[in-house]
Amino acid sequence: MDSKQFKEAATSAIDEIVNYYDTIENRRVVSNVEPGYLRKILPSGPPEEGEAWADIQADIETKIMPGLTHWQSPNFMAFFPASSSFPGMLGELYSAAFTAPAFNWICSPAVTELETIVLDWLAKLLNLPECYLSTTHGGGVIQGSASEAIVTVMVAARDKYLRETTSHLSGLELEDSIAHKRSKLVALGSEAAHSATQKAAQIAGVRFRSIPVSKESNFALTGEALEETLKQCKAEGLEPFFLTTTLGTTATCAVDDFAAVASVLAKHAPPNVPGEIWVHVDAAYAGAALVCPEYQHLTASFEHFHSFDMNMHKWLLTNFDASCLFVRRRKDLIDALSVMPSYLRNEFSDSGLVTDYRDWQIPLGRRFRSLKIWFVLRTYGVKGLQAHIRKHIKLGEVFADLIKTRPDLFTILSGPAFALTVFTIVPKTAGKEAQDQISKEVYELVNKRGEIFITSSVIAGIYALRVVSSNPLAEEQFLRKAFRILVETTEEVRDGKVI
Ligand code: PLP
């Protein structure tokens with residue numbers, strides 16, 4: 001494809017993408033193809049001769065679209081959203097055009113420097129304490145996902161803990177102590193924390209222990225529960241070195257009691273003392289709400305913690321992937337992740353005056369992801385982003401109010417919180433088993449019909465439905481439609497009239 005052909009193909013692709021967005025609400029939101037559908041309609045190998053773009057493009061509608069679940073549809077109310085916006089897409093386009101995997105500063109100074117600058121902008125926008133800015137000892141780095149961010153900081157925390165708690169030893173004694181301690185290290189997270197922490201522990205080769213949460217504390221981590229777990233770990237000879245706290249849990253958008261966590265840790269593992277517990281704040285989804293001053297009190301304790309991560313690609317209009325990780329001491333990351341083979345050396349890295357982001361992440365190569373964040377921040381501005389979040393919070397309240405109008409059919413279990421409402425279906429005959437059963441049946445039938453797409457979750461043993469109103473194209477009419485579908489489906493299932 002030469003540049004003239006590229007121009008024609010790109011124009012045609014953009015036309016098709018714009019049309020896709022303009023009509024997306026009319027498509028069945030969740031794909032209903034059978035597993036293996038694509039192999040049946042694609043040839044068994046690549047073509048011998050190159051094909052024309054028009055032929056390739058035609059297959060998007062006929063072969064790919066049927067197998068897509070339309071995350072950008074306003075009828076998509078499942079999981080958490082995966083944001084997309086036109087400025088975000090333009091950022092991806094330029095990033096692809098430049099394709100400059102800037103692992104070292106010299107590999108493309110603009111890639112590194114823009115990332116540092118926009119993440120400082122973002123840290124200020126989210127009201128993170130100054131210690132997370134690159135102008136102090138901290139700084140931000142874009143990761144591929146919140147899970148990747150947790151693995152990255154857990155490895156830094158593990159090495160920091162081992163280094164600091166064995167610094168008085170040397171030789172064989174040091175080696176033995178490290179080997180012994182490694183087998184005792186335990187990472188903590190609440191029962192409601194995302195499974196990413198457990199997975200990170202598997203990867204980092206440490207134990208994982210979850211801390212119970214309850215309905216009484218609205219499924220958030222409390223200081224008492226943390227204290228109890230710390231005591232248990234101590235009694236068992238385990239060494240807690242890492243804790244994930246969550247701002248907006250996946251199941252219910254609960255917010256952990258950060259102030260209580262900070263005060264319990266001040267007692268059990270005082271900050272800045274060898275053996276302190278690294279506290280990571282996982283704000284993958286709800287962290288976006290921190291752009292609004294009315295949520296910024298939530299960051300008050302973060303200066304006592306060590307890292308914070310939020311996904312711009314979930315709720316802040318930036319296309320996947322843009323997980324923004326901030327650390328209080330960048331040296332901890334660099335100490336754990338830096339290796340310097342001769343082929344990566346250069347005068348700028350040696351000078352110590354530049355940032356080489358390869359030392360802040362697991363992979364070597366990296367994409368120019370700050371460009372799309374820059375485009376989004378500039379296109380919407382602070383006011384535009386605040387309006388975006390507030391609109392969705394309001395839509396969550398509208399939906400929850402609708403649910404409350406039918407106490408005969410629905411019971412709210414949690415929320416609305418950060419545009420998420422969690423509820424159960426009222427069975428005809430009372431009892432938890434009947435409630436779980438009908439909630440599951442309604443959930444499965446709604447998704448099978450594919451007019452809207454929602455998710456379910458089991459919270460403290462209760463089967464519940466989740467409706468999220470923060471899709472970029474969300475509007476009141478779609479939430480009213482979702483409510484109507486839920487009412488009709490529930491009535492059908494309760495009356496045994498399902499066809
Ligand atoms: N943390 C929370 C609170 C989440 O809700 C999710 C996913 O929804 C994750 C982490 C994992 O996100 P990622 O897909 O970016 O790894």
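The protein chain of this predicted model falls into domain 1 (3–82), domain 2 (101–367) and domain 3 (390–494), with bounds taken from an automatic or database domain assignment. Residues are numbered from 1 along each chain as its sequence is written. Because the model is predicted, local features need pLDDT of at least 70 and side-chain atom pairs count only at pLDDT 80 or more, whereas totals for chains, interfaces and linings use all residues.

The pLDDT, which is the predictor's confidence in each residue from 0 to 100, averages 96 over the protein chain, and 100% of the residues score at least 70. The model has an ipTM of 0.98 and a pTM of 0.96.

The centres of domain 2 and domain 3, taken over C-alpha atoms, lie 34 Å apart. Contact between them involves 13 residues of domain 2 and twelve residues of domain 3, two residues being in contact if their C-beta atoms, placed from the backbone, lie within 7 Å. On the domain 2 side that touches domain 3 there are eight nonpolar residues, four polar and one charged. Here Ala, Val, Leu, Ile, Met, Phe, Trp, Tyr, Cys and Pro count as nonpolar, Asp, Glu, Lys and Arg as charged, and the others, Gly among them, as polar.

The ligand is surrounded by 15 residues, a residue being near a molecule if its C-beta atom, placed from the backbone, lies within 6 Å of it. The closest are Ser145, Ala146, Ser147, His194 and Ala284. This shell comprises five nonpolar residues, nine polar and one charged.

An open sheet is built from seven strands in the order β1-β7-β6-β5-β4-β2-β3, with mixed pairing. Helices (H or I, at least four residues) and strands (E, at least two) are DSSP runs, numbered from the N terminus, and two strands pair if DSSP finds at least two bridges between them. At the edges stand β1 (139–143) and β3 (207–211), each pairing on one side only. From one strand to the next the twist averages 20°.

Definitions and conventions: Axes fitted to C-alpha atoms, helices over the stretch in contact; angles between N-to-C directions.
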